[in-house]
Amino acid sequence: MTLRPLFQRSLLAIALGAGLAGPVQAAERELLNSSYDIARELFSAINPEFIAHWQESQGEEVAVSQSHGGSSAQARAIMQGLRADVVTYNQVTDVQVLADEGLVAEEWQQAFDNNASPYYSTTAFLVRKDNPKGIESWDDLAREDVRLVFPNPKTSGNGRYTYLAAWGFADQHFDGDEEQIRDFMRTFLRNVTVFDTGGRGATTSFIERGLGDVLISFESEVNNIRGEYGSDDYEVIVPPISILAEFPVAVVEPNAERNGTLDLAQAYVEYLYSEEAQRTLAGFNYRVHHEAVVEEFADLFPETELLRVEDIFGGWDQAMETHFGSGGLLDQLQRR
Amino acid sequence: MSTRALPFAIGSAPKRVLPGFGLSLGVSLLFISLVLLLPMTGLFGQLAGLSLAEYWAIISDGRVVASYTVTIGAAAVAALVNGAFGLLLAWVLVRYEFPGKRLLDALMDLPFALPTAVAGITLATLYSSNGWMGRLLEPLGLQVAYTWVGIALAMAFTSIPFVVRTVQPVLEDLPVEVDEAALTLGANDGTAFRRVILPHLWPALVTGTGLAFVRSLGEFGAIIFIAGNMPYETEITALMIFVRLQEYDYAGASAIASVVLFVSLALLLAINIWQGRFIKRLHGGGG
Amino acid sequence: MQRIGDAPAVRRGLILAAVALSALFLLLPLVAIFAQAFAQGMAVFWTNVSNEYTVAAIGLTLFITVLTIPVCLVFGVALAWLVTRFQFPGRRVLQTLIDIPFAVSPVVAGLIYLLLYGRNGWLGGLLDGYDIQLMFAWPGILMVTIFVTCPFVARELIPLMQAQGSREEEAAVTLGAPGWTIFRRVTLPNIRWALLYGVILTNARAVGEFGAVSVVSGAIRGQTNTLPLHLEQLYQDYNTVGAFASAALLALIALLTLAAKAGLEWRAARQEAHA
């Protein structure tokens, strides 16, 4: 009957699907890097370089796989059993969560240079052509006539940096007067036209939907966006004072041990500090530490005072609890 | 012959003379236990870790309550609009012949077939102020994207097939005599439709609208891009669950999810029972 | 013979309203997807579609779908047979239980599987001891896909089998036919169109599921990335054309599915006309 050929075709499709869906790698050692969602192209560029580097120095052919998603969702996946060997995130808290679970060494920030953050960035502004609203710094963002777009601090690490940067600015501007800081933050938050769940959504709202006067995001991101959507139509403003955004890395030791890739994982993270990798990172508009590269790209990154979360908010744990937790300051500031 | 039919129709089942009771019972129970019930223990396991006071504090938080209002309000509007629109579509598809009818019929299933995230991005593109639709509507003072209208629109889009596909088969099965009787009595189209046709369609229409409503309560992917997500104004309940997950707060996420789950299941059960009664009354208990 | 709403003016007005509203509401989004996918021409579209990782994502999505359908089919038929052919206590409850996937939002569906089968879940921890990993591998994706799609076949079959009653099958029993023969010869021909429509809906949902899959997939490129996840990733990368190219592929699968359904119904109508 009609069903029989259909069934045969299904079997064929299963076989075909299995063939296609089968792992891409050969019988070599494989490293899985769990990363944040906008880093796909960055690591697509770095991985082949690392593979070549490893081949050259160790004579072994290896493969590097990538997994990308919201940083928190990625960390949650590892906690629930995703066997990633290394993590490269855009939020310190998401590596800390893994450390609390014993999946990452307790002293992970000391395991590699610069707080285990091979590259960093800060929060900057993207404005429309010729900066019609004359945006220069954070206090311009609390003006009556300015509309903002940045992702929701509740769902996005990017959004949390923006919130903390604004708070840090206000803290300095108002000399620590809590009342004035809160008033500033209230106005700042009220000026937001749309709270997308992630950085990409915010970009779409600003660029493609034409919402708001200022898009606030990582400096690397606003530069990438400007490159992507036309440098004539947008301008990047780096405020004189902003926040230090670290991009933490760590080896997920229990997984790497299980996969027999501990040496590879360690080498991969170390490689991110190499001149070659740092140059690639700078090419993606991230600020780096390697001196030769820093000099080379000096024009790209204006000098700015970078506040540390540890100094102003007493560390990430504390910032998360007092500001972003349920019923925290963010909730209070947005309450009506 | 139509292959589509009422999702829940209740008739009288025969006595047990047919074979396969044990087998079908076994397969069904095994499947329901393994696939549906066993994973639910995870949800209740999370809930069990909360005290009643904690549970209440999570689900009665001001912002979460505001999200219930937004979600239920938009879902209600979407369901009502779909009730009218779906009825019109079902009527036209069943009663009239016209070129392109088959195409229109196929188009009805599109929202089921399209991934919700794609639907969301596309709707946001169309209805934002520089999109094809937004450019037309905004000068008229109707802002769709980033308001609750956009939320309702996304909900309506994803759930329209429920109404069309439940009303359609009932309308198809309606005998010609019903029309004739009404018209020979001298009623005009409007009155005849209201007095004679509508009572027959009522259960299917309510079921379809109810299903559309339930589906809208849980929808996330299609809505999030067009909602704007402003606290207290355009945040939906599914976003509140998502936020809790981002905070690694599984218990909080499970608590809010359980509210949606219970409301949805209660509604589905109510529709089920109400419809069973209605059909029995209509057909005197016959199958 | 006059029917309600047959007056030419009413008829034309209603058809026009239905077509216009559907075009605005349903067709326009579809057009927009294809417009975006081909915004930079056929060549760019093709480059995106033939990308190694896109091909792997298509393969995985089809693989999962092809495995999901028979499972849902067996369950759907068994449940429909059970609740329409037999009277027993708890029938109504059983029927409402299969609606759970409609009442649970997809992200939560993914989460409950993760909480059970993940490393920290009691079952997942047990399996981990035997080095069996279900989550973040294709079995996990398959499991949640089955969860969200399992009601469709049953929901299509139950009302139809109820309406048709079981007189024919009972007659076959009295003639002494064995169970499987009755099902194959009597029941199946009566329900095959509903069965196929259920399969088509299952297929559509399985191909497009995002929320639940995103939680359990791990999103490893080339390995556990389904087409909807891949689409999201491309969108995050500012590759709008690539994202909409994937969306167009998904829409195409949807359209093929709908075309298959329309074709089947057309054949059914013709067969009926001949009969």
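In this predicted model, 58% of the 275 residues of chain C count as buried. Chain B has 287 residues, and buried residues make up 50% of them. The table sets out both chains.

Read chain B from the N terminus and the elements run α-α-α-α-α-α-α-α-α-α-α-α-α. Chain C follows the pattern α-α-α-α-α-α-α-α-α-α-α-α-α-α along its sequence.

In chain B, look at contacts with a separation of 6 or more. Residues 24 or more positions apart account for 81% of those.

**One residue in chain C**

Find C:Val173 in helix 10 (residues 167-174) of chain C. Is C:Val173 buried or partly exposed? It has 17 C-beta neighbours inside 10 Å, so C:Val173 counts as partly exposed. A buried residue would need 20 or more. Leaving aside residues up to four places away in sequence, C:Val173 touches B:Val17, B:Leu18 and C:Ile182. Now locate C:Leu111. C:Val173 and C:Leu111 are 62 residues apart in sequence, and their C-alpha atoms are 46 Å apart in space.

**The domains of chain A**

Turn to chain A. It is divided into domain 1 (6-120 + 246-300) and domain 2 (123-243 + 304-334). The centres of these two domains of chain A, taken over C-alpha atoms, are separated by 28 Å. Where they touch, 11 residues of domain 1 of chain A are in contact with 11 residues of domain 2 of chain A. Which helix gives the most to the domain 1 side of this contact in chain A? That is helix 4 (residues 92-100) of chain A, with 3 residues.

**The sheet of chain A**

Chain A also has an open sheet of 4 strands. Their order is 2-1-3-10, and the pairing is mixed. Strand 2 (62-69) and strand 10 (249-251) of chain A are the edge strands, each pairing on one side only. On average, neighbouring strands of this sheet are turned by 20° against each other, direction ignored.

Strands of a sheet pair through backbone hydrogen bonds, either parallel or antiparallel. Strand 1 and strand 2 of chain A run parallel and are joined by 8 bridges. One pair to find is A:Tyr36 with its bridge partner A:Gly69 in strand 2 of chain A. Strand 1 (residues 29-36) of chain A also pairs with strand 3 (residues 86-88) of chain A, in the parallel sense, over 3 bridges. Here A:Ser35 has A:Thr88 as its bridge partner in strand 3 of chain A.

Why is strand 1 of chain A said to be largely enclosed by the rest of the structure? Because 6 of its 8 residues are buried.

**A helix with a buried side**

Helix 16 (residues 316-324) of chain A has buried residues A:Ala319, A:His323 and A:Phe324. They cover an arc of only 70° around the axis, which puts them on the same side of helix 16 of chain A. An α-helix has 3.6 residues a turn, so residues three or four places apart point the same way. What covers the buried residues of helix 16 of chain A? The cover includes helix 7 (157-173), helix 15 (309-313) and helix 17 (329-334) of chain A.

**The nonpolar core**

In soluble globular proteins, nonpolar side chains tend to be buried together. In this model, the largest nonpolar core has 269 residues. A:Val86, A:Val252 and C:Leu157 have the most contacts inside it. Helix 3 (residues 52-85) of chain C gives the most to this core, with 19 residues. Domain 1 and domain 2 of chain A both give residues to this core, so it lies between them.

Finish at A:Val86. Its contacts, not counting residues up to four places away in sequence, include A:Leu31, A:Asn33, A:Val249 and A:Ala250. A:Val86 also touches A:Val251, A:Val252, A:Ala265, A:Tyr268 and A:Val269.

Key
Residues are numbered from 1 along each chain as its sequence is written. Chains are lettered from A and ligands numbered from 1 in the order in which they are written. This is a predicted model: local features need pLDDT of at least 70, side-chain atom pairs count only at pLDDT 80 or more; totals for chains, interfaces and linings use all residues. Two strands pair if DSSP finds at least two bridges between them. Helices (H or I, at least four residues) and strands (E, at least two) are DSSP runs, numbered from the N terminus. Axes are lines fitted to C-alpha atoms, for helices over the stretch in contact, and angles run from 0 to 180 degrees between N-to-C directions. A residue is buried if 20 or more other C-beta atoms lie within 10 Å of its own, exposed if 12 or fewer, and partly exposed in between; C-beta atoms are placed from the backbone. Two residues are in contact if their C-beta atoms, placed from the backbone, lie within 7 Å. The arc is that of the directions from the helix axis to the C-beta atoms. A nonpolar core is a set of buried Ala, Val, Leu, Ile, Met, Phe, Trp, Tyr and Cys residues joined through C-beta atoms within 7 Å. Domain bounds come from an automatic or database domain assignment.
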